[in-house]
Amino acid sequence: MECMADTHEDRRWIATAFGGLDVFEEVPATVAPPGPGEVTIEVRAAGMNPADYKHVASGSNPADLPVRVGYEVSGVIRALGPDTEIASGGGAVGDEVLAFRVAGGYASALTVPAKDVFAKPASLGFPEAANLLLAGSTAAEMLHVTGVKEGDTVLLHGASGAVGVSVLQQAALLGATVIGTAGESSFDVVRRFGGHPVAYGDGLEARVREAAPGGIDVALDAVGTDEAVDVSLALVDDRQRIVTIAAPGRAKADGFLVIAGAMPASAAFRDGVRAHLIGLAGDGRLVVPMARTWPLDEAREALEFLQGQHPGGKLALIP
Ligand SMILES: NC(=O)c1ccc[n+]([C@@H]2O[C@H](COP(=O)([O-])OP(=O)(O)OC[C@H]3O[C@@H](n4cnc5c(N)ncnc54)[C@H](OP(=O)(O)O)[C@@H]3O)[C@@H](O)[C@H]2O)c1
């Protein structure tokens, strides 16, 4: 095993029960040394996603407790298991990496399977790298399952959010046109990434019809409100070309697509697209807009901010 001397005082965030932010606790951590096929990462930034608190709020199996919080990180390799290479090949102590999907990213260090660790492009900052893959692979899968192609006109609900801006950029690379819903204060964000903004709220369907007189081919829902679902159903006849990531109940009731990281087909697709997304980000074709960073110790405050649902970009925790 290749490693730095272990003189670290590590810490991590766990959820000790299922519920709201009061069950989140920062605790001292002993980081397991990496076995064969494992890597220990010293975290430089932990990416933040709504799933971090939603899965703790909705969990029910006591065997899952305590929950280690956080699905993606960037950092440097602290130690490598014997005969171990990272997913992008090679790997040495001190190398800059990102990892997804991991359990327990809200930490100063963690040991993870090497198959989930990739070299970080030098052009990407640690906070951006830590926030690239959950939103990016979700966006890629939304476009994939609905078959978005050159010339399509796409309605995207939640275009200014983390998943939304990744969809905007990846759809533009495919040659599709995107009408994106957002709050008016986020219209510039939608335009910056190539979308045509429309305000969500009363009258949405009429505004979308006006913005897309030729009709909508595909609807992508990254919001989950009844308004987003109802407008999608009104504008797109083919329910195989409507997908949600946030309204699974409506998808089941109304017969359109739903995807989630915990579904085996989604997990397989998302694993497979990671290297491609890192390549796009590395050469500047996929940007991760940051709103702000917080010290790791202030994860609860950061989660509260994220729960407000208008973060204005990605958030990262810095150990
Ligand atoms: N199933 C999956 O695999 C999966 C994966 C990733 C995320 N998700 C889910 O997808 C959703 C989006 O995630 P994210 O990371 O992109 O979130 P985010 O960055 O926090 O973005 C939230 C977005 O929601 C918009 N919004 C807030 N209230 C709205 C309303 N009433 N109507 C329409 N839009 C509204 C905000 O727009 P303005 O700020 O412009 O108002 C903002 O752009 C979350 O529910 C998350 O849990 C699911």
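Across the interface of domain 1 and domain 2, the rule finds one residue pair in polar contact, both residues at pLDDT 80 or more. Polar contact here is a pair of N or O atoms within 3.5 Å; within protein, one must be able to donate a hydrogen and the other to accept it, and residues adjacent in sequence count only if both atoms are side-chain atoms.

Some ground rules. This is a predicted model, where local features need pLDDT of at least 70, side-chain atom pairs count only at pLDDT 80 or more, and totals for chains, interfaces and linings use all residues. Residues are numbered from 1 along each chain as its sequence is written, and side-chain values use heavy atoms, with hydrogens and water left out.

Now the domains. Domain 1 covers 2-132 + 288-318, and domain 2 covers 136-258. Those bounds come from an automatic or database domain assignment. The two centres, taken over C-alpha atoms, are 29 Å apart. Five residues of domain 1 and seven residues of domain 2 make the contact, meaning heavy atoms within 4.5 Å.

How much area is buried between domain 1 and domain 2? About 420 Å², with carbon and sulfur atoms giving 59%. Buried area is the accessible area (1.4 Å probe) that two parts lose on being put together, summed over both. On the domain 1 side, Leu132, Pro289 and Lys314 lose the most area to domain 2, together 63% of what that side buries. The residues of that side divide into three nonpolar, one polar and one charged. For those classes, Ala, Val, Leu, Ile, Met, Phe, Trp, Tyr, Cys and Pro count as nonpolar, Asp, Glu, Lys and Arg as charged, and the others, Gly among them, as polar.

Salt bridges next. The cut-off is a side-chain nitrogen of Lys or Arg within 4 Å of a carboxyl oxygen of Asp or Glu. Between domain 1 and domain 2 the count is zero. The structure as a whole holds 18.

Look at Arg250. Its partners include Asp230, with the closest N and O atoms 2.8 Å apart. Asp230 sits in helix α7 (residues 226-235) and Arg250 in helix α8, so this pair ties together parts that are 20 residues apart in sequence. Helices (H or I, at least four residues) and strands (E, at least two) are DSSP runs, numbered from the N terminus. Arg250 also bridges to Asp254, again with closest N and O atoms 2.8 Å apart. Asp254 and Arg250 are four residues apart in helix α8, so about one helical turn separates them.

The scale: buried is under 20%, exposed is over 50%, partly exposed lies in between (1.4 Å probe, protein chains only). Asp230 is partly exposed too, at 39%. Beyond its neighbours within four places in sequence, Asp254 is in contact with Leu233 and Arg239.

Another pair is Lys115 with Asp116, at 3.1 Å, N to O. Lys115 is exposed at 54%, whereas Asp116 is buried at 4%. There is also a network linking Asp10, Glu42, Arg44 and Arg78.

Last, the backbone. The Leu65 to Pro66 peptide bond is cis, omega near -10°. Pro66 is in the loop between α1 (51-58) and β5 (67-68). Phe100 to Arg101 is also cis, omega near 5°. Arg101 is in the loop between β7 (96-100) and β8 (109-113).

Asp83 is not a glycine, but has a positive phi of about 50°. Asp83 is exposed, at 85%.
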